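Please keep the sequence and the model side by side while reading.

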Amino acid sequence: MSGSHRSPGSRRKKQNRKGAVVATVALAGLLAVAAVGVGAYIARETGKDDDGKKSSVSVAPAATGLASPASGEPMTLSDTEGNSYTIAAVDAGRDENGRAYAEYVIANTGDAQAPLETPGDLFVSKTKSKATACMEQPGAPTTMCTPPNSTEVLGPLEGSPDIVSDGVDEYMPAHAEYLVRITTDDEVDELAASDLGLYVWDVRFIKDRKARLIPMP
């Protein structure tokens, strides 16, 4: 460079110092990457990301949850493995897509983790259903049937943790409560409250398979 009178030795010393700075920056970068890697490993192991948010359903951290809705008288259920639950109806009607729905709360009343269960089934007046197949069930009125439907867990209620999964099955932590919605696959005609009913008849809970009505609030 013009105007420079440094000796080659002094230039080499400057270059060496620059190399040392680069090496220090590179080392710091490696340490930062290693720290991130450790954090990521911890996040995977705890089920949380760097912000502390849940990243895996295999862990059930404390959750804010949904507000507890008003519900009808709960029914106590016990499965064939001795797990105990309660089911309580919340609401039923016809949604904006013209499909019938019902919502209920399922709770694990035991002191230990139990399988996630969604035993509620939605029945509709036969005259209101547009489904090509609609099944009757002993115990339910003969004027009603259960059309094909889908069940979705909307989330935990306030104070309850998330559902736990082992990668194959899902479980409810002790005393956890979840809001569940059943929706018919097909549209229905305009409904009155008497055209809908929430029942349980699964043989795992009802030995004679006769449908039991879960009363609305």
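A residue is called buried when its relative accessible area is under 20%, exposed when it is over 50%, and partly exposed in between, as computed with a 1.4 Å probe on protein chains only. The model is a predicted one, in which local features need pLDDT of at least 70 and side-chain atom pairs count only at pLDDT 80 or more, while totals for chains, interfaces and linings use all residues. Residues are numbered from 1 along each chain as its sequence is written, and side-chain values rest on heavy atoms, with hydrogens and water left out.

Helices (H or I, at least four residues) and strands (E, at least two) are DSSP runs numbered from the N terminus, and two strands are said to pair if DSSP finds at least two bridges between them. Strand E3, which spans residues 99–108, is mostly covered, since nine of its ten residues are buried. With strand E2 (residues 84–94) it runs antiparallel, joined by nine bridges, and Arg94 stands opposite Ala100 in E3. E2 and E3 form a hairpin with four residues between them, and Gly98 in the turn has a positive phi of about 80°. E3 also pairs with strand E10 (residues 177–187), again in the antiparallel sense, over eight bridges, and here Tyr104 stands opposite Val180 in E10. In a regular strand the side chains alternate between the two faces of the sheet.

**Salt bridges**

A salt bridge is counted when a side-chain nitrogen of Lys or Arg lies within 4 Å of a carboxyl oxygen of Asp or Glu.

| Salt bridge | N to O distance |
|---|---|
| Glu190 and Arg94 | 3.0 Å |
| Asp189 and Lys130 | 3.5 Å |
| Arg212 and Asp208 | 3.1 Å |

Glu190 is exposed, at a relative accessible area of 56%, while Arg94 is partly exposed at 34%.

The salt bridge of Asp189 and Lys130 also links distant parts of the chain, with Asp189 in the loop between E10 and E11 and Lys130, 59 residues apart from it, in the loop between strand E5 (120–125) and strand E6 (144–145). Asp189 is partly exposed at 30% relative accessible area, and Lys130 is partly exposed at 48%.

In the pair of Arg212 and Asp208, Arg212 counts as partly exposed at 31% relative accessibility, and Asp208 is partly exposed at 42%. Elsewhere, salt bridges that share partners join Asp79, Glu117 and Arg204 into one network.
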